[in-house]
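Hello! Here is the structure I promised to pass on, and my notes on what turned up in it follow just below.

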Amino acid sequence: MTLSRPRPTAARRAVQAVAALGAAALLLTGCGSDSGSDKGDKGKDAAKDAGAPASRTVKDATGRAVQVPTAPQRIVTLTQEDLDAVLSLGIKPVGITNGQGLAKPPAYLADKVQGIDVVGNLLQPVMDKVVAAKPDLILAGDLQDEQVLKQLREITPATLVTMAPTDDWKLSLRGIGNAVNKLADANKVIADHESAAKAAGEKLGANKGAALSIVRWNPDGPSVMDTKQFASGVAQEMGLKRPAGQNKDGNAHSPSLSLEKINEIDGDWLFLSSLTSDGEKALKDVQAKPAYSELGAVKKNHVVTVDGSVWSTRGGPLASGVVMNDITKALTAS
């Protein structure tokens with residue numbers, strides 16, 4: 001499941017967890033058979049080969065075989081994760097959706113999407129606007145509404161679900177990279193990020209290896225992000241830890257905590273975000289209470305407010321850079 005999107009029932013989560021394992025493998029292995037992915041790993045995209053066919057068969061994150069253009073020209077993205085991915089690969093889409101929790105594209109990508117038509121909100125495309133964009137490839141994120149997917153496939157059969165419920169941004173990026181014939185580029189983006197994160201972590205001085213608490217503030221209280229959640233993964237790539245009480249092995253977040261349990265959000269450093277104005281108000285309200293002021297991170301002035309539309313999402317390579325920079329700026333300034 002994804003952060004900030006409706007939680008499936010327990011039974012559905014169990015089915016999704018099993019399905020995701022197979023879907024992830026299909027996204028990386030099944031789609032390579034017709035796409036020249038091995039060539040891509042050697043630094044040569046299939047689209048550049050002489051006599052490349054007009055289309056290729058790939059498999060999306062659900063295992064569905066999809067015919068896609070060998071060199072897509074008009075891509076529409078339905079999530080900010082898909083948008084982040086294609087921008088990192090040097091592709092400018094023709095249609096995008098608003099960011100998570102936003103009525104506009106995500107701020108961290110604003111300078112890169114000027115002039116691109118918005119075709120709806122996150123995973124809520126307006127079909128007339130999608131049609132007007134004339135896509136030859138639609139990247140549909142983790143969209144699960146079969147009726148909406150059917151409508152999208154009527155616009156173009158080249159509509160791909162790019163994320164299974166438990167996929168991380170790297171797996172999704174590789175799948176998208178394969179779909180747009182840029183798998184080698186996707187692998188390089190990931191390798192460059194991992195190298196940069198490791199190097200940044202080595203330069204944190206006294207804060208090297210610190211324990212970061214990563215929290216999203218909801219209207220009904222704070223949620224602690226799991227260890228495999230996007231921003232937590234970036235922190236760990238930098239050699240940072242999570243507080244002992246926050247080492248839950250998952251890729252989502254805890255239920256909202258009550259004020260009586262606010263000590264559970266403490267750490268050497270506390271990174272706070274919210275996704276809604278109600279969440280921001282709830283955070284401001286609790287910051288005036290004694291229980292908040294008693295947190296160790298608060299006493300040390302080690303509290304950092306960050307962009308929830310970056311930190312509380314499933315992420316992407318460009319968002320990873322934002323998280324890495326936020327952490328570096330905070331921990332090297334102290």
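**The largest cavity and its surroundings**

Helix α6 gives the most to the lining of the largest cavity, with four residues. Both α3 (80-88) and α6 (169-179) supply at least two lining residues each. Helices here are DSSP runs of H or I with at least four residues, strands are E runs of at least two, and both are numbered from the N terminus.

A word on the source: this is a predicted model, in which local features need pLDDT of at least 70 and side-chain atom pairs count only at pLDDT 80 or more, while totals for chains, interfaces and linings use all residues. Residues are numbered from 1 along each chain as its sequence is written, and side-chain values use heavy atoms, with hydrogens and water left out.

Back to the cavity: its volume is about 60 Å³, and the lining includes Glu81, Asp82, Trp169, Arg314 and Pro317. (A cavity is a set of points on a 1 Å grid over the protein atoms alone where a 1.4 Å probe fits but cannot get out; lining residues have an atom within 4 Å of a point. Points are joined across faces, edges and corners, and the volume is the space filled by probe spheres set on them.) The whole structure holds three cavities of 30 Å³ or more.

Pro317 also belongs to α13, where Pro317, Met324, Ile327 and Leu331 are among the buried residues (buried means under 20% relative accessible area, with a 1.4 Å probe and protein chains only).

Now for the core (buried Ala, Val, Leu, Ile, Met, Phe, Trp, Tyr and Cys joined through side-chain atoms within 4.5 Å). The largest nonpolar core has 52 residues, and Phe271, Trp311, Ile327 and Leu331 are among those touching the most other members. Helix α13 gives the most to this core, with six residues.

Which two residues form a stacked aromatic pair? They are Phe271 and Trp311, at 5.0 Å centre to centre with 10° between the planes. (Rings of Phe, Tyr and Trp, the last by its six-membered ring, pair if their centres lie within 6.5 Å, and planes under 30 degrees apart count as stacked.) Phe271 sits in strand β12 (269-273) and Trp311 in helix α12 (308-311), so the pair ties together parts 40 residues apart in sequence.

Best wishes

Conventions. Buried < 20%, exposed > 50% of the residue type's maximum accessible area, 1.4 Å probe, protein only. Phe/Tyr/Trp six-rings, centres within 6.5 Å; stacked < 30°, edge-to-face > 60°. 1 Å grid on protein atoms, 1.4 Å probe; cavity = no way out; pocket = protein on both sides within 12 Å on 5 of 7 lines; lining within 4 Å.
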